[in-house]
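Biologist: I would like to go through a model and learn how its features are read. Where do we start?

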Amino acid sequence: MKLLEVEGLKKVFGSVEAVRGISFSIEAGRCVALLGPNGAGKTTTLKMLAGLLVPTAGMIRLEGSPVHDIRPNIGYLPQNPGFHGWMTGKEFLIYVARLAGFSKARAKAKSDDVLEQLGLQSAAERPIRGYSGGMKQRLGICQALIHRPRILILDEPVSALDPVGRRDILTLLSNLSGETTVLYSTHVLHDAQEISNDIILLVNGSVVLSGDLEEVRRSHTQPQVDITAYVSLEPYYRALSRLPGVEDIRGRGGSMSLVVSDVSQIRTTLLQFFVDENVPLERLEFGYSTLEDLFMEAVQ
């Protein structure tokens, strides 16, 4: 079931079109990565979805119906969340819950629930100023979850964390996708591959690719030969492009990738070519393109 639908969403700042009429949909219970390089429009898109920026044009629908104020249905964590450092973790969450309209008793109960869920119960009575970066991110997710939103929106939730903190938050997001829908932005492809069900690839304010991660992986995998030499391979580009079965050449200098029609058919031809040309090779690897290759091609 489609929980969230975005159609023709656009945001213009003066003469800059930051988001260029994008459209996509998100199904309930999925973990979705909004991928893209820095400056692609990810934060602007998430802020529009969170109700923090008014779109220049476009429509946002929740379960098929247009929404003018989506905020009661979402939990949001910005890239750089702010906290009152003098508050304890529990005091902060009670404060947030009260702002959301909870009674004092219910605010206390819900704060205890999310602190336990995210493994912060032992630090509940400590001032936030003494929390580590990973603990603050957990607390930020606590405040986003406290009213049990239908969609959890997170902007670069692991970008400022060390490897241990990054791993903890990614595992947490993977577990949360079973109880709510998660949409998070990242420029790190490995993170998206690790925990996401779906990806949306944003480049220069436009969606260039979206869909189920495994389907994207299957449909865009191509036979490929990766080559590294001790000399520049650029003088051989034209000759290589004329070999039977070579469909495209990518790379520069001493590294290149050949997109081919069939790896097994070109193997002998390619080996003979480099022997005849006396090219000092460091690596010659026959295989298939990866999601990283697809990401880099789209970004470039």
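Modeller: This is a predicted model. Start with a helix pair: helix 4 and helix 5 cross in the right-handed sense.

Biologist: How is such a pair described beyond its handedness?

Modeller: Two packed helices are described by the angle between their axes and the distance between the axes. Here helix 4 (residues 133-145) and helix 5 (residues 163-176) have axes 10 Å apart, at an angle of about 20°. Angles under 35 degrees count as roughly parallel, so helix 4 is roughly parallel to helix 5.

Biologist: Which residues of helix 4 and helix 5 meet?

Modeller: From helix 4 they are Gly134, Gln137, Arg138, Ile141 and Leu145, and from helix 5 Asp168, Ile169, Leu172, Leu173 and Leu176. By type, the contact of helix 4 with helix 5 has six nonpolar, two polar and two charged residues.

Biologist: At what angle do helix 2 and helix 3 cross?

Modeller: Helix 2 (residues 89-99) and helix 3 (residues 104-117) cross at roughly 130°, and their axes come within 8 Å. That angle makes helix 2 oblique to helix 3. The crossing of helix 2 with helix 3 is right-handed. On the helix 2 side the contact is made by Lys90, Leu93, Ile94, Ala97 and Arg98; on the helix 3 side by Lys104, Ala107, Lys108, Ser111, Asp112, Val114 and Leu115.

Biologist: How do the residues of the contact of helix 2 with helix 3 divide by type?

Modeller: Six are nonpolar, one is polar and five are charged.

Biologist: Where are Asn204 and Asn278 found?

Modeller: Asn204 belongs to the loop between strand 9 (198-203) and strand 10 (206-212). Asn278 is in the loop between helix 9 (263-276) and strand 14 (281-288).

Biologist: Is Asn204 buried or exposed?

Modeller: Exposed means over 50% relative accessible area, so Asn204, at 53%, counts as exposed. Asn278, at 65%, counts as exposed as well.

Biologist: Which side chain makes a polar contact with the side chain of Asp198?

Modeller: That of Arg30, at 2.8 Å. Beyond its neighbours within four places in sequence, Asp198 is in contact with Arg30, Cys31, Val32, Ala33, Gly211, Asp212 and Leu213.

Biologist: Where does Gly29 lie?

Modeller: Gly29 lies in the loop between strand 2 (16-27) and strand 3 (31-35). Its relative accessibility is 38%, so Gly29 counts as partly exposed.

Biologist: How many residues separate Gly29 and Ile151 in sequence?

Modeller: Gly29 and Ile151 are 122 residues apart in sequence, with their C-alpha atoms 8.8 Å apart. With neighbours within four places set aside, the contacts of Gly29 are Ser177, Thr180, Thr181 and Asn197.

Biologist: And how far apart in space are Ala229 and Met59?

Modeller: The C-alpha atoms of Ala229 and Met59 are 51 Å apart, with a sequence separation of 170 residues. Ala229 is in strand 11 (residues 223-229) and is buried, at 8% relative accessible area. Not counting residues up to four places away, Ala229 touches Gly254, Val279, Pro280, Leu281 and Glu282.

Biologist: Finally, how is the whole protein chain summarised?

Modeller: The protein chain has 10 helices and 14 strands. Its C-alpha trace spans about 80 × 40 × 35 Å along the principal axes. Of its 300 residues, 44% are buried. Among contacts between residues at least 6 apart in sequence, 67% join residues at least 24 apart.

Notes:
Residues are numbered from 1 along each chain as its sequence is written. This is a predicted model: local features need pLDDT of at least 70, side-chain atom pairs count only at pLDDT 80 or more; totals for chains, interfaces and linings use all residues. Side-chain values use heavy atoms; hydrogens and water are left out. Axes are lines fitted to C-alpha atoms, for helices over the stretch in contact, and angles run from 0 to 180 degrees between N-to-C directions. Helices (H or I, at least four residues) and strands (E, at least two) are DSSP runs, numbered from the N terminus. Angles under 35 degrees count as roughly parallel, over 145 as roughly antiparallel, 65 to 115 as roughly perpendicular and the rest as oblique. A crossing is left-handed if the near helix is turned anticlockwise from the far one by less than a right angle, and right-handed if clockwise. Contact means heavy atoms within 4.5 Å. Ala, Val, Leu, Ile, Met, Phe, Trp, Tyr, Cys and Pro count as nonpolar, Asp, Glu, Lys and Arg as charged, and the others, Gly among them, as polar. Buried means under 20% relative accessible area, exposed over 50%, partly exposed in between (1.4 Å probe, protein chains only). A polar contact is a pair of N or O atoms within 3.5 Å; within protein, one must be able to donate a hydrogen and the other to accept it, and residues adjacent in sequence count only if both atoms are side-chain atoms.
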